[in-house]
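This briefing sets out selected features of the structure shown below, grouped by topic.

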Amino acid sequence: MTTQEEVLSSIEEAEKRSATVPSNLPVLPLRDIVIYPHMIFPVLIGRASSLKSVAQALEREKYIMLLSQKNAQTDDPTFEDLYTHGTIAKVLQVMRLPNNLLKVLVEGMMPGTVTEFTQAEPYMEAKVTPVSIFANEKDRHLKALVRHASELFHQYVKENRGLPPEVLGAFENIDEPVRKLFYAAANVEQKVDAKQKILMAPSINEQYVELIQMLSSEIELLKLEVDIDSKVQDQIQKSQRKYIIQEQIRALQKELGDDDDGDIELSPLRDALEKADMPEQVKTKAFEEFDRLKKTPSMSPEFSVNRTWLEVLASMPWSSRTEDDLDIGHVRGILDEDHYDLEKPKDRVLEYISVLNLVGSIRGQILCFVGPPGVGKTSLAKSIARALGRNFVRMSLGGVRDEAEIRGHRRTYIGAMPGKIAQSMKRAGSVNPVILLDEIDKMSMDFRGDPSAALLEVLDPEQNNAFNDHYLEVDYDLSNVLFIATANVKYEIPAPLLDRLEVIELSSYMEHDKVEIAKRHILPKLLERHGLQDFQIEFPVASLRKIVREYTREAGVRNLEREIASVLRKLAVSIVEKSGKGAKKSVKLTPAYKKLTKKKITVTDSIIEGFLKAPRFKAKEKELSNKVGVAMGLAWTQMGGETLPVEVTIMPGAEKLTLTGKLGDVMKESAMAALSYIRSNYEILGLDADFSKGKEIHVHVPEGAIPKDGPSAGITMTMAMLSAASGKPLNGKVAMTGEVTLRGNVLPIGGLNEKLLAARRIGITTVIVPKQNERDIADLTPANVEGLTIIPVETIMEAIPIAFATPKKSKVKN
């Protein structure tokens with residue numbers, strides 16, 4: 001029989017088989033599996049639609065269409081969730097199982113393609129076209145593909161431990177290429193989409209190509225698995241061999257009576273413990289743990305835990321100390337070199353050095369610098385460490401809310417480590433460093449504990465000589481450490497902790513202070529940072545003052561530094577553009593650059609406005625005119641002092657007090673107290689008895705988007721209401737601050753220094769303050785109050801003649 005005749009004969013046989021298959025078949029969706037022709041496979045069925053599909057197949061000569069799901073997680077698949085290429089199968093056996101499950105034994109007959117889905121409920125049904133696969137055994141290309149696939153399948157079975165050797169015997173007994181193809185594909189572990197490609201290939205040659213690709217990919221993965229397994233086994237054998245040898249050495253040492261550890265791996269740790277110069281009590285505990293470590297198998301989890309603990313213990317500074325520089329002149333020089341002004345904290349450091357000179361050692365020195373952001377708290381602590389010649393460690397406490405972050409975790413926990421204090425001492429490398437507790441007012445607490453309570457032991461001079469970290473579990477002496485804390489707000493520090501701190505307040509900088517700081521510190525640093533130190537760039541005092549006044553509004557100098565840096569960056573662009581035209585290398589090599597370095601560049605007001613654009617803050621001097629119902633108050637914020645104008649208007653309407661400007665509860669109560677005082681003393685104040693009858697009194701504090709609170713605006717609100725009620729203007733050059741009682745007494749307030757600086761900044765000439773704040777006035781430096789007349793008052797009546805533009809005549813009862 002010729003080849004053509006063989007092909008025609010196989011076509012006729014396929015047509016006879018397909019002719020017996022109905023054109024419409026029930027569809028059985030399959031999860032995570034592809035069933036090929038010539039396979040007999042059991043399928044577990046539980047879905048109602050699948051049970052009905054099997055029931056229909058039993059009524060239709062037992063034929064059913066097996067289609068795989070694209071996503072196995074889909075519980076109720078639709079037509080779009082199924083592949084259209086599948087296998088026409090015959091149901092051989094049905095067995096009922098518990099829980100309403102059905103075990104169906106199916107035999108794949110031939111490949112098939114769905115041409116149309118005809119029914120979705122109550123079961124799926126589709127029009128199916130059988131696909132005939134013809135294998136021309138005379139095709140040399142097909143023979144090569146079959147041989148290569150057979151070799152790969154042999155290799156795959158040998159590499160895969162999950163397949164029994166009998167699989168190869170069954171494969172060898174198959175002669176037909178089509179059956180070989182589907183048998184091999186069924187025994188390869190691959191995903192559904194990869195197996196589905198074989199059914200979707202249009203010819204047997206292309207189906208063999210897909211099979212070869214699948215087998216090659218799996219063989220590579222199996223080789224990798226074998227390689228990884230071999231490496232793991234080698235490592236395990238090495239560890240076991242090492243353990244056995246170590247145990248043999250220990251046994252021999254025991255027989256010989258040799259107490260030496262004999263372990264080369266642990267000898268560096270022993271040397272480190274010997275050199276650590278620990279206190280006797282700590283040393284005894286460390287070597288007890290070391291002896292226990294020698295007897296612990298290295299494979300035990302306890303071995304690594306104890307070894308890490310001993311390494312940390314050995315790395316802690318127990319006796320190493322830096323020598324203090326006690327030269328007063330040297331310390332003063334460094335502090336003055338690094339910081340302008342700040343006389344009070346500098347004097348306190350010099351006092352500390354002086355006592356240290358006389359006594360030799362000093363305990364209980366825990367300073368706390370409190371002030372607005374940017375006034376130099378952190379940099380001052382660094383300067384103190386540099387002046388003393390001590391190591392410096394910064395410990396940020398902002399956001400710390402777990403007590404274990406201060407004291408550490410116990411060794412029993414996985415991943416345990418020492419607390420921040422012990423880690424800081426380890427980083428410092430000496431027993432007498434300067435440790436900065438930065439942002440101590442930003443700590444919080446939750447269910448894990450209160451870190452501020454853990455700091456009580458650290459900052460208590462009577463206890464910190466025996467500080468106990470949970471991880472170290474031994475006493476550690478912190479009495480030689482100079483602790484310096486920083487905070488923005490004193491009242492946010494917990495009271496027990498505040499009691500252990502010596503608070504030194506750093507006030508806001510005045511305008512002339514900022515200009516001096518910019519000249520001495522900021523400009524030289526920024527010129528070097530921006531590569532402009534070779535140029536003769538001059539910042540006149542007037543230009544610096546313009547930046548301070550019109551482009552910054554802060555207590556410190558951080559924004560000032562940013563604005564100056566912005567000007568210098570734009571100058572750098574201008575210099576590079578002028579000197580770098582046509583330069584292929586660094587502009588420093590060009591003649592134009594060298595020429596510019598000899599030219600003086602003056603930063604004028606016009607240059608500043610050109611670089612920084614329009615001023616961000618307008619001067620308020622023009623607002624200081626005499627007005628009716630407008631009083632100038634003073635407020636304290638975390639950023640420093642601010643002026644706080646209060647506006648009052650009285651108009652016909654419902655008899656009520658309206659308060660606007662996003663005021664807090666305390667400020668609202670101050671307004672109520674002020675109005676009650678005026679109403680109860682209307683005759684003394686020269687007002688009509690019915691000045692508020694049928695009138696709405698509206699009190700507004702501008703910049704309504706900013707929350708405001710506190711009692712210190714009481715006197716300001718009182719004066720503004722009194723002015724609005726009497727129709728007489730208040731002196732625009734007078735500012736005031738103080739809490740008011742219903743009896744008209746003016747009570748003391750806080751933040752006086754910052755408030756006075758804010759008043760002076762906008763051109764206020766007179767400030768009314770509570771008489772009880774006279775002690776704070778005595779502490780003010782003359783430079784801070786220059787040009788200000790500060791008048792202490794005890795009652796509202798004393799303040800009225802000062803606050804009003806024209807002295808107000810008061811009626812006095814006989």
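**Salt bridges and backbone features of a predicted model**

Glutamate 550 and lysine 546 form a salt bridge, with their closest N and O atoms 2.8 Å apart; a salt bridge here is a side-chain nitrogen of Lys or Arg within 4 Å of a carboxyl oxygen of Asp or Glu. The model is predicted: local features need pLDDT of at least 70, side-chain atom pairs count only at pLDDT 80 or more, and totals for chains, interfaces and linings use all residues. Residues are numbered from 1 along each chain as its sequence is written, and side-chain values use heavy atoms, with hydrogens and water left out.

**Salt bridges**

- Glutamate 550 and lysine 546 lie 4 residues apart in helix H19 (residues 541-551), so about one helical turn separates them. Helices (H or I, at least four residues) and strands (E, at least two) are DSSP runs, numbered from the N terminus.
- Lysine 546 counts as buried at 10% relative accessibility, whereas glutamate 550 is partly exposed at 23%. Buried means under 20% relative accessible area, exposed over 50%, and partly exposed in between (1.4 Å probe, protein chains only).
- Salt bridges that share partners join Lys285, Glu289, Arg292, Arg411 and Glu473 into one network.
- The structure holds 34 salt bridges.
- One of them joins the side chains of glutamate 561 and lysine 525 (3.1 Å, N to O). This pair links distant parts of the chain, 36 residues apart, with glutamate 561 in helix H20 (residues 558-579) and lysine 525 in helix H18 (residues 511-529).
- Glutamate 561 also forms a salt bridge with arginine 529, the closest N and O atoms being 3.9 Å apart. Here too the pair links distant parts of the chain, 32 residues apart, between helices H18 and H20.
- Lysine 525 is partly exposed, at 38% relative accessible area, and arginine 529 counts as exposed at 55%.

**Backbone geometry**

- Most residues other than glycine have a negative phi, and most peptide bonds are trans.
- Glutamate 473 has a positive phi near 60°. Its place is in the loop between strand S10 (467-468) and strand S11 (475-476), and glutamate 473 is partly exposed at 28% relative accessibility.
- Lysine 62 has a positive phi near 70°. Lysine 62 sits in the loop between helix H2 (48-59) and strand S3 (63-68), partly exposed with a relative accessible area of 37%.
- The peptide bond from glutamate 121 to proline 122 is cis, with omega near -5°. Proline 122 is found in the loop between strand S5 (101-119) and S6.

**Loop residue aspartate 402**

- Aspartate 402 lies in the loop between strand S8 (392-396) and helix H14 (404-407), and counts as buried at 13% relative accessibility.
- The C-alpha atoms of aspartate 402 and alanine 454 are separated by 9.6 Å, the two residues being 52 apart along the chain.

**Overall form**

- The protein contains 27 helices and 24 strands. Its radius of gyration is 45 Å, well over the 28 Å that the globule rule gives for 814 residues, so the protein is more spread out than a compact globule. The radius is taken over C-alpha atoms, and the globule rule is 2.2 Å times the number of residues to the power 0.38.
- Along the principal axes, the C-alpha atoms fill a box of roughly 140 × 95 × 75 Å.
- Of the 814 residues, 44% count as buried.
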